[in-house]
Amino acid sequence: MMIVPVALPLAAACLYALFGWNRVTAWLGALSAGGLLAAAVLLARAGDESGLWGLLRVDALSAYMLIVIGVVALLAMLASPGYLRAEASAGHAGPAAARRYGIFTQCFVAAMATAVLAASLGMLWVAVEATTILTAFLVGHRRTRKATEAAWKYVVICSVGIALALLGLVIVHYAAVHAGLSTREGLDWVSLAGHAGRLDPGVTRIAVVLLVLGFGAKAGLAPLHAWLPDAHSQAPAPVSALMSGVLLSVAFYAILRVKVISDGALGPGFCRLLLIVVALASLAVAAALLIGQRDVKRMLAYSSIEHMGLIALGAAIGNGLALAAVLLHILGHGLGKSVLFIGSGRIQQAAGSSRIDEVRGLGGQAPGLATIFGLGLLALLGLPPFSLFASELGIVRAGFTAGLGWAMAPALVLMLVIVAGVGGTAGRMLLGDAPPGAEGGLGIRLRGAGVPLVAGLVACAALGVTLGPLRPLLESAATIAAIGPAAGPVGGAR
């Protein structure tokens, strides 16, 4: 069963390579994502298991992340056929481009599933690096000058980050071997977490800094965040949904595994301070660049930096309530950001631009899409009843309870600045006067995107009201993220 989440998208990629993208194969991606989601649910019920000669391992945290991957991939793949039809009608994508899209998106999903199922930090690193290579082709999908520049910028910055992470892995492996662990155990995250107290503190500090900065680059955290707005603004809208909604969180999943090892070797204070600095820097960058933003997709990309900063802040707090809120935030952000990126793709295709000045007055031109987009923005800003309200409230509450008011206070100020910036931009976009010549409407049709848009919003709102059957898995995953793989259930999550 552990092989299924990787094998299904790889099989779909092979079918796209053989038969191309057509009316029948267009839905293979959605079927693959649905199968991945079903397998993730079954793995969540199976408990802690390892397989494939110890190369793969699933526990509550990895099963939860698989569910996030499956949900976001399903929304993105349901929207993909309509998106590519519109691209083909506009002359932006021919059969060869559509074939490449199908192959690379499925390989991308398989790489993310491999990352969260990897039993060793080395295999996790390889899978994260694979996502960089695969998504570089997707960022440059349109083959325009801007898309090509964004793809190269993405590759260069993320390669720097992943090189730092590789150096961190080499150093932590060195520390593990000198602490008496075998060569294989030196990168196995369960063994490292179980024997963290034997690692040399000085060497481990260097390794943790490199790993957090390296994987943080892929997670869109400051200071190596500069690739994110360009890549997300140029990628096809469903790919932007995948990258923002789940790829950033998969990279942060690696940081959660590293944090458990760091806490065991160095105590919670070292990684906590490092994550707080990174989190506040990310929030400050997002706040500064969201004020007066003029491009819809770049606005959503900078918002992703903000939300990853909040996730890092919650991980820094480190108690059960904070990490349960972090995991809920990861899923809620994936749902909300998928809705917004898919919706922005339809706006861009209809208006021929993603600049806000050219899509003003969307409420009068396309009321249905404007309503969905507006609700998605409310979810993103953390307003009830959406789950991001509950998760942000949980992070703030946990922070003050843990005595970290000195970090929470500037974070709240920066969040208010972000709400004001996004709110003002959204007001001009949704409620302002239509640009000259657009008074008759943009003629936007959802082209099959209506189902994922509505489903994503409904799911995000439902999670804000109740966790339902997801609660036990969320609590177990939060415990593992807090104190390691051998822990029991956590209390106090809401």
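Visitor: Let me start with helix H3. How many of the 30 residues of H3 are buried?

Guide: Buried means under 20% relative accessible area, exposed means over 50%, and partly exposed lies in between (1.4 Å probe, protein chains only). In H3, 25 of the 30 residues are buried, so the helix is largely enclosed by the rest of the structure. Before we go on, a word on the source: this is a predicted model, in which local features need pLDDT of at least 70 and side-chain atom pairs count only at pLDDT 80 or more, while totals for chains, interfaces and linings use all residues. Residues are numbered from 1 along each chain as its sequence is written, and side-chain values use heavy atoms, leaving out hydrogens and water.

Visitor: How far apart are the end C-alpha atoms of H3, and what span should its 30 residues have?

Guide: Helices (H or I, at least four residues) and strands (E, at least two) are DSSP runs numbered from the N terminus. The expected span is 1.5 Å times one less than the number of residues. H3 runs over residues 60–89 and should span 44 Å; its end C-alpha atoms are 44 Å apart, which agrees.

Visitor: Where in H3 does the kink lie?

Guide: The bend at a residue is the angle between axes fitted to the seven residues ending there and the seven starting there. In H3 a kink of about 35 degrees lies at Ser80, shortly before the proline Pro81.

Visitor: What does the UniProt annotation cover?

Guide: UniProt positions follow the numbering used here, with shortened feature names, and annotations may be inferred rather than shown by experiment. The unreviewed entry annotates residues 118–410 as "domain: NADH:quinone oxidoreductase/Mrp antiporter transmembrane". Over that stretch the chain is 79% helix and 0% strand, with 36 Å between the end C-alpha atoms.

Visitor: Now the backbone torsions. Which peptide bonds are cis?

Guide: Most residues other than glycine have a negative phi, and most peptide bonds are trans. Here the bond from Ala222 to Pro223 is cis, with omega near 10 degrees. Pro223 sits in the loop between helix H8 (201–218) and helix H9 (227–234). Another cis bond joins Pro384 and Pro385, with omega about 10 degrees; Pro385 lies in the loop between helix H15 (367–380) and helix H16 (387–401).

Visitor: And what is the phi of Leu52 and of Arg143?

Guide: Leu52 has phi near 55 degrees, a positive value in a residue other than glycine. Its place is the loop between strand E1 (49–51) and strand E2 (56–58), and at 33% relative accessibility Leu52 counts as partly exposed. Phi of Arg143 is near 60 degrees, again positive. Arg143 is in the loop between helix H5 (121–139) and helix H6 (145–178), and at 60% it counts as exposed.

Visitor: How many salt bridges does the structure hold?

Guide: A salt bridge is a side-chain nitrogen of Lys or Arg within 4 Å of a carboxyl oxygen of Asp or Glu. The structure holds 8. One of them pairs Asp230 with Lys153 (2.6 Å, N to O). Asp230 lies in helix H9 and Lys153 in helix H6, so this pair ties together parts that are 77 residues apart in sequence. Asp230 also meets Arg298 (2.8 Å, N to O). Arg298 lies in helix H12 (residues 296–317), so this pair links parts 68 residues apart in sequence. Asp230 is buried at 17% relative accessibility, Lys153 is partly exposed at 33%, and Arg298 is partly exposed at 22%.

Visitor: Where do Glu475 and Arg471 lie?

Guide: Both are in helix H19 (residues 471–483), 4 residues apart, about one turn of the helix. An α-helix has 3.6 residues a turn, so residues three or four places apart point the same way. The side chains of Glu475 and Arg471 meet in a salt bridge (3.8 Å, N to O). Glu475 counts as buried at 18%, and Arg471 as partly exposed at 32%. Returning to the other bridges, shared partners join Lys153, Asp230 and Arg298 into one network.
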